[in-house]
Amino acid sequence: MEHILQFAWLIPLLPLVGFLINGLGRKWLSKSVIATIGSGVILASFVFSLILFLDVRGGQTGSGVVHYFDFIRVGNIHIPFDFQVDALSSLFLLIITGVGFLIHVYSASYMHSEPTEHYGRYFAYLNLFVFSMLLLVMGANFVVMFIGWEGVGLCSYLLIGYWFKNNDYNYAARKAFVMNRIGDLGFLLAVFWLFAKVGSANYSDVFSSLQTLSGTDITIITLLLFVGATGKSAQIPLYTWLPDAMAGPTPVSALIHAATMVTAGIYMIARSNVLFTASPVTQTVITVIGLATALLAASIALRQNDIKKVLAYSTVSQLGYMFIALGTGAYVAAVFHVMTHAFFKALLFLGSGSVIHAMGGEQDIRRMGGLKEKMPITYWTFLIGCIAIAGIPPFSGFFSKDAILLSAFAHEGMFHQVVYYLALGGAMLTAFYMFRLFFTTFHGSFRGTHEQEHHLHESPAAMTIPLVILAILSIVGGWVGIPEIIMEGGERISHFLAPVIPLQEGHTVSHSTEWMLMGTSTALVLLMTGLAWNRYAKYKEEKETALGKTLGNKWYVDELYDKVIVHPITSLGNWLEEGMERTGIDAIVNNVGRGVQYLSRQIRLVQSGQVGSYVLLMVVSILLFFVYQFFIKK
């Protein structure tokens with residue numbers, strides 16, 4: 001533990017330092033210095049994270065809590081500022097800093113056309129984003145986690161609305177901010193509930209006090225925490241902010257979708273697995289919401305034509321799979337999919353950025369095509385990302401998605417069987433919409449303008465090198481979780497996380513069944529890939545059907561929200577402003593003021609400056625006084 005104390009605090013501190021330097025010095029630092037500082041601090045954090053990870057894996061330190069200072073001490077309330085260092089946090093630190101560093105390097109080139117001051121602002125926000133996520137992961141209690149939780153919410157608002165002169169982007173940023181605040185209220189109420197029942201928000205205190213909590217308490221607390229997770233990790237009904245978050249620069253999308261924001265909800269539930277396991281009701285709710293989100297988002301992705309929107313709905317769908325795993329108690333499978341998803345989703349987003357960069361800002365895949373020859377590195381790395389997310393062996397997504405499907409199938413009962421088959425259907429949709437995106441973008445003939453075709457080119461090395469590294473990770477990243485039936489001792493991630501997430505007992509299937517499940521899912525995914533190739537390798541304009549139009553309009557969920565929630569609240573706000581404030585409260589206050597002014601003007605007339613009038617008033621007043629005293633008062 002002493003070894004950890006020497007540098008664990010540096011991991012989040014370095015990005016914070018980068019934020020301060022780039023933020024304060026954005027007007028006088030050069031772009032090269034800004035990019036070096038912004039990327040350098042994340043690289044340094046990654047190096048420290050790697051050392052920490054190796055230390056934890058080697059068993060030199062094990063898990064533990066590092067105390068730094070008392071954050072709050074009022075009466076019986078004691079909230080320490082502690083970091084928790086263990087297998088789960090060290091794995092997330094690697095994902096956040098490793099993928100985050102590649103995104104920073106990519107950004108240095110992608111954002112280079114920005115004015116220097118805005119370039120510095122951009123990197124300052126990125127650093128602050130990473131700092132907040134690291135704080136969230138390293139906190140040893142729910143309060144420190146909540147500070148990081150709010151930090152990533154703020155940074156997403158700042159980065160989604162980075163081009164703040166565009167009102168549409170500002171609306172998207174505001175939407176993300178408001179929807180996350182709704183979820184955050186659930187998180188906050190859960191923390192208050194824990195304080196009321198346990199008297200502490202420390203993980204160790206809470207998880208060791210389950211016997212003091214009733215079943216109702218645990219269910220309410222976990223449901224409230226899950227409400228928080230639905231906001232950050234974009235689940236029904238709080239998912240609509242994530243596709244709109246594409247308004248920000250593409251590297252920001254990669255950071256939000258792969259390494260920071262959306263993984264927060266998964267991490268929180270995985271960290272609190274002891275609580276959630278004790279509430280079957282909450283687990284069922286999580287499974288149902290996760291499954292519904294996975295299928296809904298996958299169906300929408302089928303008909304999106306914006307390259308980033310397809311990836312955005314893909315993220316929502318993949319997050320649904322992670323929640324299915326959490327709901328079925330397969331916490332390791334969820335964390336495993338977080339890791340592999342970080343690799344291939346960052347790869348796909350950065351690849352889409354490379355395409356958009358070459359197309360001069362064009363994002364509609366119907367106006368692309370034939371980019372394979374012009375952008376070979378982007379083409380091959382994007383293909384690897386598509387294979388990985390589709391779940392084709394031996395790429396990373398296959399192993400993590402197979403673990404989730406297996407966890408659903410292994411449970412007894414009709415409910416979990418239905419979950420398995422629907423999740424399998426979602427996996428088929430994933431393969432289809434991803435390869436629709438791939439073939440439409442890179443194959444066939446070019447459908448853009450002559451000017452766009454003339455400027456088509458491969459991206460510079462600062463952008464393609466991160467693509468290559470992420471592509472390699474998208475291939476081999478899943479090999480830490482190879483099922484035992486394929487390679488004995490290949491399932492290493494569950495053993496590594498065992499000190500935090502106990503190994504599952506029961507819910508096993510025979511080897512022949514497991515082979516059959518893997519073979520079936522692989523065959524179906526390959527079938528859908530072939531269908532996508534057959535239909536989109538030579539793109540033709542599609543005739544719009546009623547279902548296609550509905551999917552293209554995202555099942556009209558945004559319109560429904562506007563109709564049912566936004567417009568009524570706006571109307572109520574307008575009524576409160578006009579009916580209550582202006583004609584009610586303001587009218588009373590203003591009329592009181594006008595009355596006082598009127599009376600003052602009338603009383604002022606008495607002050608005429610004529611002595612005779614004053615004497616007359618004095619005599620009349622004295623007479624009235626005597627009349628009152630002698631005749632009326634009696």
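Two strands count as paired if DSSP finds at least two bridges between them. In this predicted model, strand S1 (residues 64-74) is joined to S2 by 9 bridges, and the two run antiparallel. S1 and S2 form a hairpin with 2 residues between them. Gly-75, in the turn, has a positive phi of about 60°. Within the pairing, Phe-69 stands opposite Phe-81 of S2.

Strand S2 spans residues 77-85, and because 7 of its 9 residues are buried, it is largely enclosed by the rest of the structure. In a regular strand, side chains alternate between the two faces of the sheet.

The chain then passes from S2 towards helix H4 (87-110), and Asp-86 lies in the loop between these two elements. Asp-86 has a relative accessible area of 2% and is therefore buried, the cut-off being under 20%. The side chain of Asp-86 reaches the backbone nitrogen of Ser-89 at 3.0 Å.

At the start of H6, a side-chain oxygen of Asn-141 comes to within 3.0 Å of the backbone nitrogen of Val-143. Helix H6 comprises residues 142-160, 19 residues in number. From its first C-alpha to its last, H6 reaches 26 Å, close to the 27 Å expected at 1.5 Å a residue. H6 is also mostly covered, with 14 of its 19 residues buried.

The largest nonpolar core has 206 residues. Phe-142, Trp-241, Ile-269 and Leu-497 have the most contacts inside this core. Helix H16 (residues 331-358) gives the most to the core, contributing 19 residues. In soluble globular proteins, nonpolar side chains tend to be buried together. Phe-142 belongs to this core and falls within the residue range of H6. Trp-241, for its part, touches residues that include Lys-175, Ala-176, Met-179 and Asn-180, as well as Ile-256, Met-261 and Val-262, not counting residues up to four places away in sequence.

Gln-283 is found in helix H14, which covers residues 280-301. With a relative accessible area of 14%, Gln-283 is buried, because this value falls under the 20% cut-off. The side chain of Gln-283 is joined to that of Tyr-331 by a polar contact of 3.1 Å. Beyond residues up to four places away in sequence, Gln-283 touches Phe-276, Thr-277, Leu-326, Gly-327, Gly-329 and Tyr-331.

Terms used
Residues numbered from 1 in each chain as written. Predicted model: local features only at pLDDT ≥ 70, side-chain atom pairs only at ≥ 80, totals over all residues. Heavy atoms only, no water. Helix = DSSP H or I, 4+ residues; strand = E, 2+ residues; numbered from the N terminus. Buried < 20%, exposed > 50% of the residue type's maximum accessible area, 1.4 Å probe, protein only. Polar contact = N/O pair within 3.5 Å; in protein donor to acceptor, adjacent residues only side chain to side chain. Contact = heavy atoms within 4.5 Å. Core = buried A, V, L, I, M, F, W, Y, C linked by side-chain atoms within 4.5 Å. Expected span 1.5 Å × (residues − 1).
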